[in-house]
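Okay, thanks everyone, let me get this one up on the screen.

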Amino acid sequence: MLVDPETIKLAQSGDASAFNVIVRSYRSRILGTVYRLIGRPEDVEDVTQDVFVRLYYSLDQLRLPKVFEPWLHRLTVNTTYDYLRKRRRSGSVAMAELSEEQVIAADASQSGKQHEEDVRNDEVRQVVGALFENISDDDRILLTLKEIEGMTLKELQQIYNVKENALKVRLFRARKRALKALERLKDQGRI
Amino acid sequence: MSRLLEEKLERIWKHYRAACSAPEPSAAFMPELWAKIDARRSPGWLAPLRVWATRVAAVAGLAAALLVAAVGMWQPRQSLEVREWGYVDVLAQDAADELDGDLWLLVSNGE
């Protein structure tokens with residue numbers, strides 16, 4: 001854990017500075033997770049702040065400080081899920097399309113200002129964005145946590161609150177659907 | 001599903017992991033976060049009202065539970081009586097009584 005249980009207890013009792021310590025300790029980790037989950041750099045900070053707002057208003061419901069981390073990850077998953085659902089409903093820009101920053105980055109690379117590696121990273125993000133567009137938000141979040149965040153089955157069990165076998169089945173099915181989506185993208189010549 | 005496709009997916013995850021390193025938080029991160037927290041906080045006068053509403057809801061819930069329990073305790077007896085003495089049962093009883101009366105008359109007349 002990045003913070004000690006005492007700090008969590010202080011924050012639970014309404015200590016703002018203890019809450020700030022928690023935010024500063026987990027901010028980078030949550031920013032990274034949210035970035036990999038939503039894939040849009042312009043919204044990462046906003047969604048991460050929403051995670052911490054939820055944390056602030058639900059911290060008193062946490063009984064055991066030792067389960068703080070899986071609990072924070074569950075809040076992250078729920079907040080991201082809401083964001084993705086809202087975005088799908090509002091019919092905003094598809095993931096496969098380039099974000100403003102990516103367009104700028106691509107332009108810069110064409111004029112030789114950006115490193116080759118950055119261009120490759122943009123391409124990978126585009127491919128994953130297109131892949132995520134073709135699977136459900138549930139699969140997307142589960143696969144990101146397992147395959148990209150590198151979470152263990154035990155950690156995922158704590159987040160999803162399910163038994164190991166049920167989780168394995170969900171992972172297997174999600175992976176299968178991702179492979180089908182990848183095959184479709186390949187057939188369309190998008191990868 | 002081909003093995004090649006599975007390997008490709010593995011490679012994509014690996015590259016994506018490397019391509020999405022955690023972004024640095026902006027200087028406005030903490031002030032904006034606290035602004036959001038404050039915006040969601042309910043006004044001061046609303047807090048006692050919320051406490052009062054919660055208590056009223058709890059009392060109402062308890063009263064409803066007691067009412068349900070009381071009805072549950074009384075209703076089975078009434079319904080048993082009703083079930084025991086339905087219209088058809090009463091008719092059958094009357095018919096049986098009449099038959100008993102006839103038999104008594106027959107016996108008393110020495111027939």
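Predicted model: local features only at pLDDT ≥ 70, side-chain atom pairs only at ≥ 80, totals over all residues.

What does A:I22 touch, if we ignore residues up to four places away in sequence? The answer is A:V3, A:T7, A:I8 and A:A11. Take A:I8 from that group: A:I8 and A:I22 are 14 residues apart in sequence, and their C-alphas are 7.5 Å apart in space. Is A:I22 buried or exposed? It's buried, because A:I22 has 21 C-beta neighbours inside 10 Å, and the cut-off for buried is 20 or more.

Staying with α2(A), let's look at how it meets α4(A). The two axes come within 11 Å and cross at roughly 35 degrees, and the crossing is right-handed. On the α2(A) side you've got A:Y26, A:I30, A:T33, A:V34, A:L37 and A:I38, and they meet A:L72, A:T76, A:T80, A:Y83 and A:L84 of α4(A). By class, that contact has eight nonpolar residues, three polar and no charged ones.

Next, α3 of chain A, residues 41-58. This helix has 18 residues and reaches 26 Å from first C-alpha to last, close to the 26 Å expected. Its buried residues include A:V44, A:V47, A:V51, A:F52 and A:L55, but also A:E45 and A:D50. What do the buried residues of α3(A) pack against? In chain A, that's α2 (16-38) and α4 (68-90), and together with those, α2 (29-40) of chain B. To pick one, A:L55 is in contact with A:L72 and A:L75, leaving aside neighbours within four places in sequence.

A:L55 comes up again in the largest nonpolar core. That core has 49 residues, and the ones touching the most other members are A:V34, A:I38, A:F52, A:L55, A:L131 and B:Y16. The biggest contributor to this core is α2(A), with ten residues.

Last thing, the interface. Here 23 residues of chain B are in contact with 26 of chain A. On the chain B side, the elements giving two or more residues are α1 (3-19) and α2, and α1(B) has the largest share, ten residues. By class, that side has 14 nonpolar, three polar and six charged residues.

Okay, that's my bit.

Key: Residues numbered from 1 in each chain as written. Chains lettered and ligands numbered in written order. Helix = DSSP H or I, 4+ residues; strand = E, 2+ residues; numbered from the N terminus. Expected span 1.5 Å × (residues − 1). Buried ≥ 20, exposed ≤ 12 C-beta atoms within 10 Å, placed from the backbone. Contact = placed C-beta atoms within 7 Å. Nonpolar A, V, L, I, M, F, W, Y, C, P; charged D, E, K, R; others polar. Axes fitted to C-alpha atoms, helices over the stretch in contact; angles between N-to-C directions. Left-handed = near helix turned anticlockwise from the far one by under 90°. Core = buried A, V, L, I, M, F, W, Y, C linked by C-beta atoms within 7 Å.
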